[in-house]
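Please read them alongside the coordinates.

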Amino acid sequence: MRGAVKDGKQATDGRLIKDRLSMMTVKTLDSVKQARSYYQAERGIASYYSSEAGAYGGGQWYGRGAEELGLRGPVHERQWNRALEGKFGKGPDAMQVGNSDPEKRRPGVDLQFAPPKSVSIMALAVGDDRLIGAHDRAVERTMARIQDEQVFARMKHGGSQKVLTGNLAAALYRHVTDRPVNGVVDPQLHTHAVVLNVTQRPDGQWVSINLGMSRDWIKAYGAIYRMELAKEVRALGYELYETKDGFEIKGISREIIEMFSGRDGQIRGYLWEKYGETRETASTAHKQEANLATRHGKEKRDGAELRAEWRARAEAVGLSMSASGKQASRTQAGGPSPAGAGPRDEGHDESREGRGRFRGDLDFDPRAKIAPGVTRVQAEMAERTEERAVGIRRSPEQLERAREEAVQRASARVVIEDKDYATGTIPPQGPPGAPVAGAGAGDGGALDQIYADAVARGPLPPPDPATVRAIATEGVQAAVRHLSERESAFERDAILVAAQGFLPAGLVDAHDLERAVAREVESCRLLDATGGRYTTAEAIVREQEFIERIQDGRDAVPPIANDTPAVLQTSDGKTLNTGQTNAAKHILETPDRFVAVQGVAGAGKTTAMQVVREHAEAAGYQVVGLAPTKKSVHELREAGVADTYTVARAVTRMPDHVGERTLVIVDEASMIGAADMAELTEKIEACGARVVIMGDKRQLPAIPAGAPFRQMQDHSATATLDEIQRQRNLDLKACVEAFAAGRAGDGANLARSFMHEADFSSLEGQHFTNITAEHAAKASIIAQEAADRFLQRLPEERKDIVVITGTNKMRKEINMDIREGLKESGEIAAHDRELKILEKQDFTDEQIRHAGSYEKGQVVEFRRDYLSHGVSVPVERGRQYEITGIDRDHNKVALVDRESGHKLEWSPQIAQKVDVSNKAEIALSEGDRVLFRANNQDRGILNGDAATVLQTQGDKITVALDRGGAVLELRDGDHLQHAYASTVHSVQSISRDGAIGAFPSWSPLATAEQGYVPLSRAKDWAEMVTDSKDALAGAWSQWNGKETAHEVRLDDRDHDLDKVAPQPDRAADRAREAQKPEQHAHETPSHDLGRSR
């Protein structure tokens, strides 16, 4: 078992139960037995909450496919079980669809729709049944769109074609509780739409279903449900406020929401106690373990009893008004009792003692029996348990037992006990976001008053059509700017998801956004692209101008030298090989302004550029270097190009001395996106300078959109450096050469000899609920084996080994495993010290401009000084400011200086040059290896600097930098991580004797680029740990580079592009941060149920 070792343990100030706010989740049902449980779950409870809509409290058939199969009305158990087995019809009409073996059959897919927690609280604890109807209608509208747009079947031989069928058969089960935590059941309204594995093709055949085709379909239809629900909730009189991931009902604070979110707290508590992690930082395997370890079956509880208990819990901590006050509010509002009228209220005498449904005004009787250690609040909650039984005719023994049970349940929620994860609590030192003790109303106010105000207010008027149009257009344009910053083409679903994040809740729906998209297409701002996607006219115009600029640069400048020697040497005596010589001669003798150098990994680009620099300087040219990161700038300077800057600096303002007698050398060009490359070449042309742009188009692409370096090679004479010198192992060299030449299939096949399959024997006999859980368990084993291979090497050997993986999650897991091993061997100290650090977040420029992108507790660092532009008081570059408030309506953010405590207001729309980070912690021991992840000019730290922890005693933690050996004292707020394992993106410029990799074959990041980079880092040996050699080799056989807008464009309306008005809100200053955060790619696959296991 891993110890509680923290690697970037993230605090979660202001984060509202992130997993719940996904709104719609999708899970493939792996067995008929698993699917049968939906019929039994909560039948008695769900039917209690059906006063307004009542459509499917106990299960209801839905869909055109269901109608065709004769499945109508309520779901009956025998009917349900036969449908899961693929059995439909009777007598001569009977048919079997799909595999008839229940052990091998995949019966369907569970689409779960869950509203924000505040909606569940108001609907179930307060009793506004209208919200249940709102949820039901939002689910049905979303399901109708899924049926029309996302249901497919395979056709033709081998299922090579997928066709839209437009019909599905689903059973809708509405549930109202979360899983219990120490006997406490929380309100959690949600609907399971279990889509059966059957659909009818256009040719009339009933076949297995394929659900969802686009990468973002799950997020898109979750957004559609969210928008439909928000409009419905506003129509009931509730005001809403936007959260980072959705919305909540105004007046219900984070503390209230978390008090009713014990299941989330239970999982967080387990992770904190066992691993020192939060739900946001934990690996998938750890979250799955926590979920299973704390998971209990849902209790069959009476609906009236649950509602009374939820109200009692709210009242006991001051979140609800007295009964008499509630009735007065309702009477003034002219609305019904939130509990509603109906059979479930029988036996509750509203005139009993004049107190309403609950007896008394919640007065506490000090003479009541209180168990030892039980607080007054807990005893009040027990009192409410007795009072809720009025009219239910329970015996004195039953009432006493109910009282004791309530006290026990209350203690699980109200009192925080250190390290008691079984109760759903987190130690006080833990991250914010745990269930809180005795949470008062705070900014939430009384829940019943929120209901009464909504009834009195009545439906909030919708915006007029012109306003709806403007809001939808603004949201779509913001979404397009956001998406086009990273990709040249994107789907409609991606636009819907992104737009929803930039819009106020409840004012527009998906149809409004789709009409806005159509207007953007009509105006030529959006253009049709391959795969049913869109690209932008702006990207097309930018690329066209870039290509024309490269072509105009031909024969535009005099050669640097007319007759270079046949044999070229550096000033320190290194002789260039043939490839290096040809490249250097081409650069020195060409009359072209723009020269591309395609240099494969390990081909000696640095040595060739040294010769070019020395000859250029001898000819009277000044040489200026540019690179995308501060680390690569430092490497260029070490290579002799003393006058070197970041690309971001040059894009913002080219150095004044750059002119006609300047040779600019741009390194690591494959990491530069289309927008920056276009502006950079434009500025170089304007200065009259010439430029060498070098890189490797086969390595991982830039995070920003486009492939300008590859595009440049397609339109200019390119010098090639393809004689690999790095690899001393001939088999490894042959493998790298194949990848470098673009022969990914050959490279992947040769890479098999460097792959090692992990030992999964420890998983034999384990049953996994789904493929995600199985992958999580296997990923942990892969990470552990990679760590073990590193630890088996001698300490002196490890200094020249790089450990590489694809994601930050697995990087952290490997680091944990390595640290555990180093502690056991005594190579690092056993005692840990905690340091508060920051983890930079990956925001696009568009996200930075919107206050809704941020959360309380995040830290802002300005990348330049601002005196008054966008800030209420002057701010200093590099200083840290914590977010204390967010005003989405006015696009303002409240900040506090973390050092001085001074408060200020920030307008992100105006002052845009910022980095945003989440607070986290890291565990450090003497001897630990760490890596800095941000530049700090004042302290002499570069992003990517490695260091060794020297001392953790007393108040100080000191480290010694590898570069220069300077000793530094670490500070709270440093950007730091453990340095044992790295992601593929962060190792593209390094070289080591050996490389150890951890690469699951199922990862969407498993591509030819992922194979090429780690193998090309090693000189002598490589060990790539995976689950399957065959599967990984197959994944590494496919390239996945960035597309250009010209490559994906289908629309050829060239004559209209000059008329396209640029989108508003473009930042005038296009400078990017030099060091981009690491990329996290994730694709959601189609839920194809047609293949039996």
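1. F862 is buried, its relative accessible area being 1%, in a model that is predicted. Its ring and that of W906 have centres 5.7 Å apart and planes at 80°, so the pair is classed as edge-to-face. Because F862 belongs to strand 28 and W906 to strand 31 (residues 903–906), this pair ties together parts that are 44 residues apart in sequence. W906 likewise counts as buried, at 0% relative accessibility.

2. The whole structure contains twelve aromatic pairs. One of them joins F843 and Y854, whose ring centres are 5.6 Å apart with planes at 35°, so that the pair is tilted. F843 lies in the loop between strand 27 (833–840) and helix 31 (845–848), and Y854 in the loop between helix 31 and strand 28 (859–862), so parts eleven residues apart in sequence are tied together.

3. Two arginines lie over aromatic faces: R698 over W1039, at 5.3 Å from the ring centre, and R798 over F790, at 5.7 Å from the ring centre.

4. T662, in strand 22 (residues 662–666), is buried with a relative accessible area of 0%. Its side chain makes a polar contact of 2.7 Å with the side chain of Q622, and its contacts beyond four places in sequence include Y621, V624 and H657.

Note on methods: Residues numbered from 1 in each chain as written. Predicted model: local features only at pLDDT ≥ 70, side-chain atom pairs only at ≥ 80, totals over all residues. Heavy atoms only, no water. Helix = DSSP H or I, 4+ residues; strand = E, 2+ residues; numbered from the N terminus. Buried < 20%, exposed > 50% of the residue type's maximum accessible area, 1.4 Å probe, protein only. Polar contact = N/O pair within 3.5 Å; in protein donor to acceptor, adjacent residues only side chain to side chain. Contact = heavy atoms within 4.5 Å. Phe/Tyr/Trp six-rings, centres within 6.5 Å; stacked < 30°, edge-to-face > 60°. Lys NZ or Arg CZ within 6 Å of the ring centre and 35° of its normal.
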